[in-house]
Amino acid sequence: MGLLAAGIGAGIAAVGAGIGIGMIGKSATESIARQPEASGDIRGAMILTAALIEGVALIAAIVCLLIVFLG
Amino acid sequence: MLRACRRLLITTILLFAIVPGSWAQQASSAESPIDVVGKVQDHNSLDVAGLHISLPRIILADGQWYFYGSTESAVESGNFVQENGALVPSDGSEITIDMSITSHLVFFWIAIALTLLITLVMARKYKRGAGRKTEPKGWFQNLFEITFVFVRDEIAKNNIPDEKFRKFVPYLFAVFVGITFMNLFGLLPWGATATADITVTGILALFTFLITQWNASKDHWKHVFAFPGVPWPMRIILTPIEIIGLFTKPFALAVRLFANMLSGKIMIICMLGLIFIFTDFFGTAVGVGSSLLVVPLTVALYVLKAFVGILQAYIFTLLSAVFIGMAAEEHEHHEEGIEAHA
């Protein structure tokens, strides 16, 4: 059961992070297309936001790993 | 020339595909399961080029310090016994502090030593005038200057307000270069990724946390304990949230770097493990066949991991700079009432 829970948890975390980072990518490419001269700033903001989302997803993944190894 | 390169590449891939296949055959007959987690764990020994180098054990147990050259000599001395791979005092007491030198620590030191060496050598070069009065000479100085200017302008200057950023450039640069080295050491044969260890990243995040709080402006503390511009009952909710927020930032910083490096390493081992699994299930022919697919995939993963290693170092440095900048910033006009929290 622990393995099942970890698998489902990791999957849901991946879904959430995927949606979040996908939306960042979408709006970043849109705004770069609209304003190519600001692409440097937009890329920086994109990486920063993606890193913040990734952090949350990775905390979920670590919790799943802990379930596998400890639970 | 291009054709020769292509032929070489294909030969190498074929070679590297067949060798693990035949090795997998031996391994599966020897009944030794692949230890995925053991590859990323911290060890008390280094395995370099077939050599097994034992690292010293320094243990505080029952108020007494024990020094041993290796785990084996600790067991031989009779004071300790091995239980499930961990050392336990033989008289039944518990280890207070285990200060043993481990493989991750060794690679951590190597990364720090390299960072120090590079910066000191370069500082001497700049002091003599090369690069200040003349153009930077050689690929190494150019690379150094690009990296340094990138950290100073893109990371520090953009995120830390006013002239304060100069004070933090040395820390940010050291962290950036050090983490890059540590991440990339994991890609070397026999290397260990020191950053795939929560204690290493935790210490790095702790430094960022301490520097952030030490250099925090008065406004930062005001935002934490008495949030400006809101009615006072709101502060009962906001103050605990802000205090928790102080600690979640470095925590997320540590976990992000740790998990990224750990997952990259596990992914590579699992990919290569597919060869062994296929060999075990369907025989050597399928194992070798699958390795034709798996080995190029692993090469691609390696390239991705090299990129991620540098990217994560950048993200760690960038977020450190953002946190320091947020704390060091001084807000000027709170009289407006609904000033957004930066």
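Analyst: Let's start with a hairpin: E3(B) and E4(B) form one, with 2 residues between them. In that turn, Asp62(B) has a positive phi of about 60°. Keep in mind that this is a predicted model.

User: How do you know that E3(B) and E4(B) pair, and in which sense?

Analyst: Two strands pair if there are at least two bridges between them. Strand E3 (residues 57-61) of chain B and E4(B) have 5 bridges, in the antiparallel sense, so they count as paired.

User: What makes E7(B) a partner of E3(B)?

Analyst: The cut-off is again at least two bridges, and E3(B) and E7(B) are joined by 3 bridges, running antiparallel.

User: Over to the helices. Why are H6(B) and H10(B) called roughly antiparallel?

Analyst: Angles over 145 degrees count as roughly antiparallel. The axes of helix H6 (residues 165-185) and helix H10 (residues 284-328) of chain B cross at roughly 155° and come within 8 Å. That's why the two helices get the label roughly antiparallel. Their crossing is right-handed.

User: Which residues make that contact, and how do they divide by type?

Analyst: On H6(B), they include Phe168(B), Leu172(B), Phe176(B) and Ile179(B). On H10(B), Ile310(B), Ala313(B), Phe316(B) and Ile324(B) are among them. The residues of the contact of H6(B) with H10(B) divide into 13 nonpolar, 6 polar and no charged.

User: What does the contact between the chains take from each side?

Analyst: It takes 9 residues from chain A and 9 residues from chain B. On the side of chain A that touches chain B, there are 7 nonpolar residues, 1 polar and 1 charged.

User: And how is chain B divided into domains?

Analyst: Domain 1 covers 56-100 and domain 2 covers 103-328. Taken over C-alpha atoms, the centres of these two domains of chain B are separated by 33 Å.

Methods. Residues numbered from 1 in each chain as written. Chains lettered and ligands numbered in written order. Predicted model: local features only at pLDDT ≥ 70, side-chain atom pairs only at ≥ 80, totals over all residues. Helix = DSSP H or I, 4+ residues; strand = E, 2+ residues; numbered from the N terminus. Contact = placed C-beta atoms within 7 Å. Nonpolar A, V, L, I, M, F, W, Y, C, P; charged D, E, K, R; others polar. Domains from an automatic or database assignment. Axes fitted to C-alpha atoms, helices over the stretch in contact; angles between N-to-C directions. Parallel < 35°, antiparallel > 145°, perpendicular 65-115°, else oblique. Left-handed = near helix turned anticlockwise from the far one by under 90°.
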